[in-house]
Structures are given as C-alpha cells and as structure tokens.
Amino acid sequence: MSFLVIDIGNTRLKWGLYSQGTSGADLQAHGAVVLEDIDHLWVQEWQSFAAPEAMLGCVVAGDAIKRRVEEQLANWGVKPRWVVSSTRASGVVNGYEHPARLGADRWAAIIGARQRALSASSTAPPPVLAVMVGTAVTVDAVDVQGRFLGGLILPGFGLMYRALESGTAGLKVPTGEVHDFPTNTSDALMSGGTDAIAGAIERSLRRLRQHTGQAPLLVMSGGAVSRLSHVTELPAQVVENLIFEGLLALAAQA
C-alpha cells in the first residue's frame with residue numbers, strides 16, 4: 001500500500017506517492033500542477049495509480065481549492081486529512097504567538113528541517129534554519145531543543161519583480177543574471193532580488209547562531225530555491241521536498 005502527501009501552495013499543487021506514511025519512506029511517484037489545472041488532476045496525474053492507503057496534506061490556497069482536490073480524492077475513496085498547526089508535534093514545540101495561525105506549510109517545513117537536524121545528530125542536534133523559496137519566502141528558526149523560535153516572511157522573486165514593474169516606470173525588462181556589480185537594469189533587478197533574500201537568510205543565521213551559541217544547519221527548499229544555489233555565503237542542504245518530509249513525520253506520529 002502507498003501513502004499520498006499533498007502540498008497546496010499559492011501557485012501550485014505538489015504531490016508525492018510514498019511506500020508508506022513514515023519518515024524515510026521511498027518516493028514512488030510525484031508531480032505538480034498549477035492551481036488553474038486542479039480540476040484535471042485526477043485525469044492527468046492520478047487515475048493510473050492504485051488507491052493509496054491514506055493521505056496527509058497542507059493547504060494555504062483556501063477552502064475552495066481544498067474542496068476541488070477533495071472531490072478528486074473521492075475517486076480513490078481516500079479520506080482527506082489536512083494539517084493544522086499545533087502547539088507541539090514530531091518533537092517540535094511551536095513558539096508562535098498563536099500556534100494555530102502558523103501556516104500549515106511552514107509547520108510541515110519546520111518539522112521536516114528538525115528531522116534533518118536529528119539525522120545529523122540524534123543526541124546533539126544542531127539548531128536549524130528552515131527556508132522555503134517559493135511565491136513567498138519563509139525563514140524559520142528552530143533551536144537545539146526543537147523549539148520553533150519564530151521566523152520571517154518576505155516576497156519571493158516573482159513578487160519583488162512584479163512590485164517593481166507595477167510601481168516604477170521603465171522597469172519592464174527581460175530577466176537578467178546575478179552579478180556583484182550589475183551594469184544593466186535586467187541584471188540589477190535579478191541581483192537586487194537575490195541579495196535581498198540571501199541577506200535575510202544570512203541575518204537570520206547570524207541571529208540563530210548568537211541565540212544558541214552553535215552553528216545552525218541551513219536547510220532550503222521550494223520551487224525557486226535554485227536561484228540561490230550560486231550564493232556561496234549560504235552553505236545549505238538543498239532538499240527537494242522538505243514539506244513532504246515534514247508531512248511524513250507528522251503522519252508517522254499520527
């Protein structure tokens with residue numbers, strides 16, 4: 001039997017079919033669709049697979065999108081289960097002011113990153129910074145005891161560029177490249193966006209190091225994470241499916 005995980009973000013739905021609902025399970029199949037194509041999810045992505053035993057997902061796109069996904073899960077007869085952030089789960093204590101208001105995708109990513117820290121050392125796990133680079137960028141800190149300390153939310157690359165294009169005359173230019181000293185507008189935009197995101201991550205790493213007295217583990221994931229891969233100041237573990245790893249940990253606990 002297999003286990004289905006689903007991450008419904010702001011622009012895409014990502015799914016993974018695993019051998020079982022536990023950490024370290026084998027990924028058997030995966031895919032992604034833009035939210036506009038969700039009604040075709042069953043026909044285009046799922047109908048060729050045997051029904052999974054169960055599923056767990058997180059959703060930030062709203063109830064209407066969630067209901068449309070649930071309608072297609074009904075073709076398998078699978079009961080939908082969606083993550084709601086809690087005060088404690090999978091060895092992580094949620095230090096958010098109102099724990100239930102923490103986005104379910106952030107909660108899953110934080111738990112996935114903590115699992116990575118425990119894999120590095122089960123007896124003395126390092127503090128960990130979980131970074132998701134997508135439509136928005138989240139930068140979340142977890143200390144050595146597994147307490148989520150808090151984190152940042154900032155615009156992703158696309159949101160930054162669209163804000164500049166809409167609010168500034170003459171900046172509708174082709175996508176550029178990152179340079180230390182850009183000499184054209186396209187490169188200046190790309191370099192500025194990259195430095196803004198990388199700078200936020202670097203500052204958070206420094207704060208977490210000062211708070212814990214230990215060098216943090218940096219774990220980065222998300223659809224646009226490749227745009228930071230060349231930033232040598234960010235020695236990160238780049239994880240393809242960090243939210244999936246968190247969902248599997250939560251499923252195993254349940």
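Buried means under 20% relative accessible area, exposed over 50% and partly exposed in between, with a 1.4 Å probe and protein chains only. The model is predicted: local features need pLDDT of at least 70, side-chain atom pairs count only at pLDDT 80 or more, and totals for chains, interfaces and linings use all residues. Residues are numbered from 1 along each chain as its sequence is written, and side-chain values use heavy atoms, without hydrogens and water.

**View 1. Arg209 in helix H5.** Arg209 lies in helix H5, residues 185-212 (helices are DSSP runs of H or I with at least four residues, strands are runs of E with at least two, numbered from the N terminus). Arg209 counts as partly exposed because its relative accessibility is 41%.

**View 2. The open sheet.** Seven strands form an open sheet with mixed pairing, in the order S5-S6-S9-S8-S7-S10-S11 (two strands pair if DSSP finds at least two bridges between them). Strands S5 (88-89) and S11 (237-238) are at the edges; each has a single partner strand, so one side of each lacks a neighbour in the sheet.

**View 3. Parallel pairs.** Strand S10 (residues 217-221) runs parallel to S11, joined by two bridges, and Met220 is opposite Val238 in S11. Strand S6 (residues 92-94) pairs with strand S9 (residues 147-155) in the parallel sense, also over two bridges. Asn94 has Phe148 in S9 as its bridge partner.

**View 4. The S8-S9 hairpin.** Strand S8 (residues 136-142) pairs with S9 in the antiparallel sense over seven bridges, with Leu154 in S9 as the bridge partner of Val137. Four residues lie between the two strands of this hairpin, and Gly146 in the turn has a positive phi of about 90 degrees.
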